[in-house]
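These are my notebook entries on a structure I went through today. I set down what I looked up, in the order in which I looked.

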Amino acid sequence: MSQLVCSRTGDRYALDARRWQSEAGAPLDLDFRAGWVSGALRAGSPSMWRYRAALPIEADAHIVSLGEGWTPLIEAELLGRRVRLKLDHLMPSGSYKDRGASVLISKARELGVKRVVADSSGNAGAAIAAYAARAEIACEVFVPASTAPAKLVQTRMHGATVRTVEGSREDTAAACIDAAQRGDAWYASHVWQPWFLHGVKTLAYELVEQLDGRAPAGVVLPLGNGTLVLGCAIGFGELRDVGVIERVPRLIAVQAANCAPLEAAWRGVAAAAPAPTLAEGIAIARPQRGPQCLAAIRETGGTVIAVDEAQIVRALRAAAKIGLFIEPTSAVALAALEHVDCSGELVAPITGHGLKAVEKLARLP
Ligand SMILES: *Cc1c(COP(=O)(O)O)cnc(C)c1O
């Protein structure tokens, strides 16, 4: 049975449906040993559940799946750079967040939860609503009033109650936590609950299997709350620990310059006040797992880069020109490709579908 561990103090807690943070108020990690037997990647179902033995769900009957994962890995030349792109925008709900949502809602079912609440800038809420619908669990999603209409429509269509909150992304989280503490719902947070990260980690497993057991030199990832960065750190770390790969690839994290608290922290300077950005999916001014993200990136010899709005638009258009219709948030990682100092093989995930952001895209100059 896995245990919860405070990411700041190392204090340990037994699994309890009510707990979503440590006594110190910090996010929790999972002490979990991936049940890998042979050390080899095994072909199974054409979804991320092919790595069933590495996923922290006890009984198969609790798995909530829509066939997510096992997405294509294609080669491309983008902004003058050869790169492999992992097409995670081709997921049931249109973003990589389905990886996390599938494990998170499976855990909710395992805990016997009847109702979940979550807060999101859009994609996590849409994904959690979809999997809650699949599991017949009631769902309430708190979003900032500025959230893209497509993501709200999606969330409502799945039967979730949507609560729009005026103010910042932090105000939205506070409203949701308040609802979770007053009611009987499980706080299904993609930021606080470690189960989500253990779903996202399958991105690393798939990459290594698709590269015939190799790890790339570097992985370029958009960074907001850090679920992608930490999910990849966990996944590649587990594969290294069982001897499938020799070392974890460099994690190259990219923020939008208009909201780049972790890039500023990386350079050791104070963060500028956040300004609006096209990359709404990673506009997180106070990331709760920030210190963890920076430590994970440092451990891999990675780096944190910021790109401005013009660079994001340029990358978005470059992707569209080679046939990929993507969210502005996903273009953030691609915009960094020109600036990454790495001679080896690079992989970047396409994290969200362009159809999520048609209103914004229609207004581009
Ligand atoms: C959530 C999200 C990300 C990464 O966000 P983190 O907050 O760092 O986990 C990247 N792209 C898209 C489209 C997203 O929705």
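**Entry 1**

I began with W70, which counts as partly exposed because its relative accessibility is 27%; here buried means under 20% relative accessible area, exposed over 50%, and partly exposed in between, with a 1.4 Å probe and protein chains only. I am working with a predicted model, in which local features need pLDDT of at least 70 and side-chain atom pairs count only at pLDDT 80 or more, while totals for chains, interfaces and linings use all residues. Residues are numbered from 1 along each chain as its sequence is written, and side-chain values use heavy atoms, with hydrogens and water left out.

I placed W70 in the loop between strand 3 and strand 4 (73–78), where helices (H or I, at least four residues) and strands (E, at least two) are DSSP runs numbered from the N terminus. Although W70 is not a glycine, I noted a positive phi of about 50 degrees for it. I found a positive phi again at L79, near 50 degrees in a residue other than glycine, and L79 lies in the loop between strand 4 and strand 5 (81–86).

I then looked up an open sheet of three strands, in the order 2-1-3 and with antiparallel pairing; two strands pair if DSSP finds at least two bridges between them. Its edge strands are strand 2 (12–13) and strand 3 (28–31), each of which pairs on one side only. Strand 1 (residues 3–6) runs antiparallel to strand 3 and is joined to it by four bridges. Within strand 3, I found D29 as the bridge partner of V5 and L30 as that of L4.

Which residues of strand 3 make up its covered face, and which its uncovered one? I read L28 and L30 on the covered face, and D29 and D31 on the uncovered one. In a regular strand the side chains alternate between the two faces of the sheet.

G94 sits in the loop between strand 5 and helix 1 (97–110), and I listed G94 as buried because its relative accessibility is 9%. Leaving out residues up to four places away in sequence, I found G94 touching H89, T351, G352, H353 and K356, where contact means heavy atoms within 4.5 Å. I also looked up the pair G94 and S343, which are 249 residues apart along the chain and whose C-alpha atoms are separated by 31 Å.

In helix 11 (residues 328–335), eight of the eight residues are buried, so this helix is largely enclosed by the rest of the structure. I wrote down its buried residues as P328, T329, S330, A331, V332, A333, L334 and A335.

**Entry 1: the whole chain**

Along the principal axes, the C-alpha atoms fill a box of roughly 50 × 50 × 40 Å.

I noted that buried residues make up 59% of the 365 residues. Among contacts between residues at least 6 apart in sequence, 71% join residues at least 24 apart.
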